[in-house]
Amino acid sequence: MSETTETIFSKIIRREIPVDIVYEDDLALAFKDIHPQAPVHILVIPKKPIPTLADAESQDHAVLGHLLLTVKRVAKEAGLENGYRVVINTGDDGGQTVYHLHLHILGGRQLSWPPG
Ligand code: AMP
């Protein structure tokens, strides 16, 4: 399904492609999605190039937990006090297009359920 390869997100981490960064620390980067699906659409990614959630291993537990806490922090800073959705598209059936793990934060409008 996936392998560790260079992706556009690796280039974003190295600042080779400009994005609108909203948060960064040693483990994670958060930036605005280039094709927003909601008034607020931010991606939170690990700096470690884990291709998909299915590729995460037990030693990644700290970074995975850090990503969720980063989502909470970024969502609060984005003003999403009324709620938001966190999505991790995983693999082909999950609709993943960039094979570097990322968490979508979607908010700023009422979101429908179920997703397509
Ligand atoms: P997914 O379909 O879950 O793999 O999500 C990949 C996301 O990356 C999509 O929502 C894209 O719009 C977004 N994306 C791709 N390239 C860029 C870029 N250069 N800057 C910001 N977001 C991007």
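Predicted model: local features only at pLDDT ≥ 70, side-chain atom pairs only at ≥ 80, totals over all residues.
Which strands do the buried residues of helix H2 pack against?

**View 1. Packing of helix H2 against the strands.** The buried residues of H2 pack against E1, E2, strand E3 (40-46), strand E4 (84-87) and strand E5 (103-107). These buried positions in H2 are Val63, Leu67, Thr70, Val71, Val74 and Ala75. Viewed down the axis of H2, the buried residues fall within an arc of 125°, so they line one face of the helix. An α-helix has 3.6 residues a turn, so residues three or four places apart point the same way.

**View 2. The exposed face and length of helix H2.** His61, Leu68, Leu69, Lys72 and Lys76 are exposed on the face of H2 turned away from its buried side. Helix H2 comprises 17 residues (61-77), which at 1.5 Å a residue should span 24 Å; the end C-alpha atoms are 24 Å apart, in agreement with that expectation. Just after H2, Gly79 adopts a positive phi of about 80°.

**View 3. The hairpin of strands E1 and E2.** Strand E1 (residues 21-24) and strand E2 (residues 28-32) run antiparallel and are joined by 3 bridges. The two strands, E1 and E2, form a hairpin with 3 residues between them. Glu24 stands opposite Leu29 in E2.

**View 4. Surroundings of the ligand.** The ligand is surrounded by 17 residues, of which the closest are Asp33, Asn89, Thr97, His102 and His104. A polar side-chain atom of Asn89 lies 2.8 Å from an oxygen atom of the ligand. For His102, an N or O atom in the side chain is 2.8 Å from a ligand oxygen atom. Val98 contributes a polar backbone atom, 3.0 Å from an oxygen atom of the ligand.

Notes. Residues numbered from 1 in each chain as written. Heavy atoms only, no water. Pairing = 2+ DSSP bridges. Helix = DSSP H or I, 4+ residues; strand = E, 2+ residues; numbered from the N terminus. Expected span 1.5 Å × (residues − 1). Buried < 20%, exposed > 50% of the residue type's maximum accessible area, 1.4 Å probe, protein only. Arc of directions from axis to C-beta. Contact = heavy atoms within 4.5 Å. Near = heavy atom within 4 Å. Polar contact = N/O pair within 3.5 Å; in protein donor to acceptor, adjacent residues only side chain to side chain.
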